[in-house]
Amino acid sequence: MNFDLKESQQQLLAQIQAALESLVPDKLAELKSDVSGRALKALAADLAGTGYLALGQSRHDLTICQEQVAKLSPSLFMGLEYSSRVFGGLIQTFGTDALKAKLLDDLKAGNIIGAVALTEDTMSLDGNNFTTEAITNGSGMKISGEKGQVINAPVADYIAVAAAASGGVVFCVLPADSPGLGVGPRLDLLGFDGVAVAPVKLANCAVDPDMVIGPLPAAEILGALRAWEDQVLTMAALGVLERAYGAALAYAKAHKSGGKPIIAYQEVGFKLAEMLTYLQSAQLLAYRGAWLADSGDREAAITARSAKVYVCESAEKVASEAMQILGGAGFTRGNAAEESYRDAKYLTVAGTSSEISRMKIADQMLEWY
């Protein structure tokens, strides 16, 4: 594994960093109250010129970009990634030619926002069958059901809704203003304040045949979606981890006790050393997963699961230690340490949870070794 960036990757990194530096803080702050999608679209458009929203990059190139965006704003990162990487990946990989022609260019340009309505009363897909159903109606379909916490639902232009159908699983891609489609109020979350999440209800929504993906075997399409989602959550966790460590380090160097910066005290220095160890290990594992995916190695999947567990759980540990270092200063709203502390918990339970990831890793180990 070569840790040196190619010239093209160095240029890509510089381009992404320049675009992120130009983002106005007020634009990021608007995400916390965005119910129209205007704020997220404006930020997406600012980054579209870098190619960040494009699909089909190498996983290593993508990881370089994702780390920078997640470090700046985990909430912005989640909104963009669930639109471009999860919704966009679904359209590009499984969509009809008509659906691709209709949506992909606008997605890459940041002109539209997408959402995927997947899970229902739990966040797990394992052992939970869909109650949302799609039935054939003439040349198209009609879909009815309810979905739980759908990322981007309040700000999306299109929502891809998973449903049980004859022959497997289908995704019905619906414009947000479709008759019979109702998006609930934006949920008040513990963390990720800038991510718009809401439940979705569908009552006999008519779906044009060109806007239907599938039916496909559940393992094929849901497995792909979970893999994309877990990769997004892993990189979100790396961003949270970096923000928490950066906040703790800056505070420890600036805050004084007994006439010297608190970083000079062994107890604080040791905490920061351990936090940096977690950070560097998380980076290495995330990038190794990207490298294996690009090389087509058979261990890519098990490494990706390992990264999801390690990076997300490390983010939780480092955020907690950052709060300990900041003390009372960290217990007030509006600093990176407390935001990271609230964000981190979601990452271990979302997508494939840490517990289910461990079971899947063990199953694959049993099969291989």
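Asn152 sits in the loop between β3 (140-151) and β4 (158-165); helices here are DSSP runs of H or I with at least four residues, strands are runs of E with at least two, and both are numbered from the N terminus. Asn152 is not a glycine, yet its phi is positive, about 80°. With a relative accessibility of 1%, Asn152 counts as buried, where buried means under 20% relative accessible area, exposed over 50%, and partly exposed in between, with a 1.4 Å probe and protein chains only.

Before I go on, the basis. This is a predicted model, in which local features need pLDDT of at least 70 and side-chain atom pairs count only at pLDDT 80 or more, while totals for chains, interfaces and linings use all residues. Residues are numbered from 1 along each chain as its sequence is written, and side-chain values use heavy atoms, with hydrogens and water left out.

Asn204 also has a positive phi without being a glycine, at about 50°. Asn204 belongs to strand β7 (residues 197-207). At 51% relative accessibility, Asn204 counts as exposed.

Still on the backbone: Gly214 and Pro215 are joined by a cis peptide bond, with omega at about 5°. Pro215 is in strand β8 (residues 212-216).

Next, the aromatic rings. How many aromatic pairs does the structure hold? There are three, counting rings of Phe, Tyr and Trp (its six-membered ring) whose centres lie within 6.5 Å; planes under 30 degrees apart are stacked, over 60 edge-to-face, and the rest tilted. I will take two of the pairs.

Phe192 and Tyr346 have ring centres 5.9 Å apart and planes at 70°, so this pair is edge-to-face. The pair links distant parts of the chain, 154 residues apart: Phe192 is in the loop between β6 (181-183) and β7, and Tyr346 is in helix α10 (residues 336-349). Phe192 is buried, at 4% relative accessible area, whereas Tyr346 counts as partly exposed at 24%.

The pair of Tyr278 and Tyr310 is tilted, with 6.4 Å from centre to centre and 40° between the planes. Tyr278 lies in helix α8 (residues 266-295) and Tyr310 in helix α9 (residues 300-326), so the pair ties together parts 32 residues apart in sequence. Tyr310 counts as partly exposed, at 30% relative accessibility.

Now helix packing. Axes are lines fitted to C-alpha atoms, for helices over the stretch in contact, and angles run from 0 to 180 degrees between N-to-C directions. Helix α4 (residues 59-72) and helix α7 (residues 218-254) have axes that come within 8 Å and cross at roughly 45°. These two helices are therefore oblique to each other; angles under 35 degrees count as roughly parallel, over 145 as roughly antiparallel, 65 to 115 as roughly perpendicular, and the rest as oblique. On the α4 side, the contact (heavy atoms within 4.5 Å) includes Arg59, Leu62 and Gln66, and on the α7 side Met235, Leu238 and Arg243 are among the residues. By class, the residues of this contact are six nonpolar, four polar and five charged; Ala, Val, Leu, Ile, Met, Phe, Trp, Tyr, Cys and Pro count as nonpolar, Asp, Glu, Lys and Arg as charged, and the others, Gly among them, as polar.

Helix α7 also packs with α9, at an angle of about 20° and with axes 8 Å apart. α7 and α9 are therefore roughly parallel. Their contact has 20 nonpolar, two polar and two charged residues.
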